[in-house]
Amino acid sequence: MTSLPLISVDPDARGRRPAMPPRHLADLDLPGRQALVTELGEPAFRAKQVSNHYFGRLVRDPAQMTDLPAATRERLAGSLLPALLTPVRELACDDGATRKALWRLHDGSLVESVLMGYPDRVTVCISSQAGCGMACPFCATGQAGLTRNLSTAEIVDQAVYLAGVAASGAVAGSPPRLSHVVFMGMGEPLANYSRVVGAIRRLVAPAPEGLGLSQRHITVSTVGLVPAIRRLASEELSVTLALSLHAPDDELRDELVPVNQRWKVSEVLDAVWDYAATTGRRVSIEYAMIKDVNDQPWRADLLGRLLAGKLAHVNLIPLNPTPGSRWDASPKPVEREFVRRLRDAGVSTTVRDTRGREIDGACGQLAAAEDRDTDPPCEATA
Ligand code: SAH
């Protein structure tokens, strides 16, 4: 094998502190907000009032919180509601059922989020880092490297903003209420551990403390940072864990998911089975189908042997095209044979739809370029 990319697991560990955004109410739990509001000379109940606007009514702009006296509004807006995400562009496709939002953060970093409407649910796919340091060669986000971790509130604000878009009825044919959140946007969520766990706590806390989503409806997707998976299992949260496996053997996984050089297939699978045992939740195994790379029948059989009898579900993802990539998606007959072998081994398997491909909003396509000339012929909504 040729030289493999170096991986930086934690950007904060390099000594240079990246420019984090100002504090926002979504960074704090309700007692934290109450303490802050009191410090600002306002009665503690204002914390609940503002939280109710933000998490309950999905109002992010202080100017619209008209039941607050003007002076209070100004004081609280500065300390609790700084603008974190400036929308740069929104794109829609699939008849408006998929929408991708590109944001600029306070330091100029760009991140993306995707809203997906289905007949029975509304899902948002959110970013946990600007860029990503995991360097998976088939993923567009991995190509540019890591800029910085997002704050808890920068993560939560993506979901609150898009929950507001859904509530406005913008996603025809879907329920108006956001129900699912997947950490499958830009970044490696478990490399930004404490802020991501903080964001999960805000997403699941009942309103007005948080968005009141069900833990089961939150999925954290990881390349397989073993210590962080073990730590997540101890948080008394039972969110769904997705493992980006992509190869059942170390030789290929070392190349496709370079962090495998640190934690091998057997170690990461041990960690996810322990996670499943602790939380009672079935683990999702993500596997991008890459033509002539990881789609051979023998790899399906090996994967089947690794997963048989485990609390696991395989999600095959037809490889989405990324700029400059030398790889293609597997042909459909190859994909069908792969599915057949896994099911024969007793492993529950589905093929994920490729929502958002035309707007570069599908898995692995988020690269947050402001003026990409490859932007699709898709309806621009902003
Ligand atoms: N860093 C996390 C979450 C982000 S990616 C992780 O790797 O799990 C979400 C999923 O999309 C991962 O399973 C990732 O491997 C997959 N993915 C990345 N690039 C892809 C591509 N070009 N086609 C299909 N899936 C891709």
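Predicted model: local features only at pLDDT ≥ 70, side-chain atom pairs only at ≥ 80, totals over all residues.
**Exercise 1. Cysteines**

Is Cys93 buried or exposed?

*Solution.* Residues are numbered from 1 along each chain as its sequence is written, and side-chain values use heavy atoms, with hydrogens and water left out.

Step 1: Buried means under 20% relative accessible area, exposed means over 50%, and partly exposed is in between (1.4 Å probe, protein chains only).

Step 2: Apply them. Cys93 has a relative accessible area of 5%, so this residue is buried.

Step 3: Look for disulfides. A disulfide is a covalent bond between the sulfur atoms of two cysteines. Here the test is a pair of cysteine sulfur atoms within 2.5 Å. The structure holds zero of them. For Cys139, the nearest cysteine sulfur belongs to Cys136 and sits 6.4 Å away.

**Exercise 2. Active-site annotation**

Find where UniProt places the feature "active site", and see how those residues sit in the model.

*Solution.* Step 1: Read the record. The unreviewed UniProt entry puts "active site" at Glu112 and Cys363. UniProt positions are given in the numbering used here, feature names are shortened, and annotations may be inferred rather than shown by experiment.

Step 1: Check the spacing. The annotated residues are spread over 252 residues of sequence, yet they cluster in space, with a largest C-alpha distance of 11.7 Å.

Step 2: Glu112 is part of strand β3. Helices (H or I, at least four residues) and strands (E, at least two) are DSSP runs, numbered from the N terminus. Glu112 is buried because its relative accessible area is 0%.

**Exercise 3. Cavity and pockets**

How many cavities of 30 Å³ or more turn up in a search of the whole structure? Describe the enclosed space, then the open ones.

*Solution.* Step 1: Define the search. It runs on a 1 Å grid over the protein atoms alone: a cavity is a set of points where a 1.4 Å probe fits but cannot get out, while a pocket is an open set with protein on both sides within 12 Å along at least five of seven lines. Lining residues have an atom within 4 Å of a point. Grid points are joined across faces, edges and corners, and a volume is the space filled by probe spheres set on the points.

Step 1: Take the cavity. The search finds one of 30 Å³ or more. The largest cavity holds about 470 Å³ of space. It is lined by 30 residues, and Cys139, Met184, Ser244, His246 and Gly364 lie nearest its centre. α4, β8 and β10 each supply at least two lining residues.

Step 2: Sort that lining by class. Ala, Val, Leu, Ile, Met, Phe, Trp, Tyr, Cys and Pro count as nonpolar, Asp, Glu, Lys and Arg as charged, and the others, Gly among them, as polar. The cavity lining splits into 16 nonpolar, 11 polar and three charged residues.

Step 3: Move to the largest pocket. Its volume is about 810 Å³. There are 34 lining residues, with Arg121, Val182, Met184, Asn315 and Arg352 nearest the centre. The classes come out as 13 nonpolar, 13 polar and eight charged.

Step 4: Finish with the second largest pocket, at about 200 Å³. Its 17 lining residues include Ala140, Thr141, Ala144, Met186 and Ala367 nearest the centre. The largest share, three residues, comes from α4. By class, this lining has 10 nonpolar, seven polar and no charged residues.

**Exercise 4. A residue in a helix**

What does Leu203 touch?

*Solution.* Step 1: Locate Leu203 in helix α6 (residues 193-204). Its relative accessibility is 1%, so Leu203 counts as buried.

Step 1: List contacts (heavy atoms within 4.5 Å). Leaving out residues up to four places away in sequence, Leu203 touches Ala159, Val181, Phe183, Leu211, Gly212, Leu213 and Ile218.
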